[in-house]
Amino acid sequence: MSQFKKIGVIGGGTMGQGIAEMLAKKGLDVILVEKTEEQLQTSLELIAGNLDKQLEKWAITEAEKKLILAKIHGTADLNEVSTCEMIIETVSEELEAKKAVFRELDKICPADVILSSNTSTLSLTELAAVTNSPERVIGVHFVHPVSKIDLVEIIRGIKTSDATYKATHEFVQSTIEKHGIQVFESPGFVTSRLICLLINEAMVTLSEGVASAEEIDMAMKIGYEFRSGPLEMADRFGLDSVLAALERMFREFGELKYRPSFLLKQMVYSGQLGVKTGQGFFQYNKDGERI
């Protein structure tokens with residue numbers, strides 16, 4: 001199957017919003033599913049708010065904004081995705097929550113529909129195992145912010161078929177025009193594994209008093225042309241998400257290099273999660289801009 005016209009996005013959090021907006025911008029019809037009507041309205045309002053910011057910066061026109069929003073159909077009924085050619089699951093990074101979604105999707109979606117997950121660390125093989133057709137389950141890991149980063153990790157579980165991989169790769173490369181890399185299943189894949197180690201080491205360096213947060217980030221931005229320094233990246237990903245990813249890799253690999261820094265744990269315990277709480281290693285306004 002190479003004709004993708006309608007895509008189901010399950011979960012309207014930060015990643016779900018970004019993916020839905022990006023798909024709509026590419027002219028695809030999107031069915032965005034949230035658990036409740038209330039959560040759904042919040043997601044749709046945040047997408048509209050993000051488009052308004054782009055409007056202010058002359059990045060899009062009012063007509064384009066209306067067109068994008070018209071392409072996104074919100075619902076609290078999971079059954080509505082049965083008419084989609086592909087599903088992208090992006091609920092919270094908890095194995096049981098994702099398994100529950102895949103069990104349902106397997107029941108309601110026709111056999112030729114690709115079931116994909118935007119997980120950054122969980123096992124696709126484990127998710128696929130709860131379905132009756134594990135060959136159609138695959139990972140599509142988008143990097144935040146979705147609209148600006150043109151990379152998608154396409155992750156194969158043990159039973160993912162060549163046909164599923166080929167169709168997904170074509171979807172990534174041709175339909176949404178991003179660069180797809182093939183990744184064989186391993187905790188953290190490529191991007192999360194490497195970036196979380198760098199972020200963790202930056203936190204250890206900071207806690208040892210080697211340099212300030214500002215200077216550590218500046219070193220990587222100016223010295224190595226990083227768009228954001230590792231500590232600001234952590235703030236943007238959410239420190240709780242970084243901690244969860246490191247803890248999972250530490251558990252799966254059993255190697256000390258993945259052990260989360262004590263500073264990271266302290267910040268998560270104190271509720272300083274980065275952009276989403278307005279305070280992490282740096283301070284942010286409600287639009288997510290550094291203060």
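Eight strands, in the order β3-β2-β1-β4-β5-β6-β7-β8, make up an open sheet with mixed pairing. At its edges are β3 (72-75) and β8 (179-184), each of which pairs on one side only. Neighbouring strands are turned by 25 degrees against each other on average, direction ignored. Do keep in mind as you look around that this is a predicted model.

**The sheet and the helices on it**

- Strands β1 (residues 6-10) and β4 (residues 86-89) run parallel and are joined by four bridges.
- Helix α3 (residues 62-71) lies across β2 (29-33) and β3, and runs at about 40 degrees to β3.

**Helix α10 and what covers it**

- Helix α10 covers residues 239-253, which is 15 residues. From first C-alpha to last, α10 reaches 21 Å, close to the 21 Å expected at 1.5 Å a residue.
- The buried residues of α10 are Leu 239, Val 242, Leu 243, Ala 245, Leu 246, Arg 248 and Met 249.
- As a reminder for reading such a list, an α-helix has 3.6 residues a turn, so residues three or four places apart point the same way.
- The cover over the buried residues of α10 includes α5 (124-128), α7 (191-207), α9 (230-237) and α11 (262-269).
- Just after α10 comes Gly 254, with a positive phi of about 70 degrees.

**A buried glutamine**

- Gln 17 belongs to helix α1 (residues 14-25).
- With a relative accessibility of 15%, Gln 17 counts as buried, because the cut-off is under 20%.
- Leaving aside residues up to four places away in sequence, Gln 17 touches Gly 12, Ser 43, Leu 46 and Ile 47.

**Backbone spots worth a visit**

- His 144 and Pro 145 are joined by a cis peptide bond, with omega at about -5 degrees. Pro 145 sits in the loop between β6 and β7.
- Trp 58 is not a glycine, yet it has a positive phi of about 65 degrees. You will find Trp 58 in the loop between α2 (37-56) and α3, and at 79% relative accessibility it counts as exposed.
- Glu 225, not a glycine either, has a positive phi of about 55 degrees. Glu 225 is placed in the loop between α8 (213-224) and α9, and is exposed, with a relative accessible area of 73%.

Note on methods:
Residues numbered from 1 in each chain as written. Predicted model: local features only at pLDDT ≥ 70, side-chain atom pairs only at ≥ 80, totals over all residues. Heavy atoms only, no water. Helix = DSSP H or I, 4+ residues; strand = E, 2+ residues; numbered from the N terminus. Expected span 1.5 Å × (residues − 1). Buried < 20%, exposed > 50% of the residue type's maximum accessible area, 1.4 Å probe, protein only. Contact = heavy atoms within 4.5 Å. Pairing = 2+ DSSP bridges. Axes fitted to C-alpha atoms, helices over the stretch in contact; angles between N-to-C directions.
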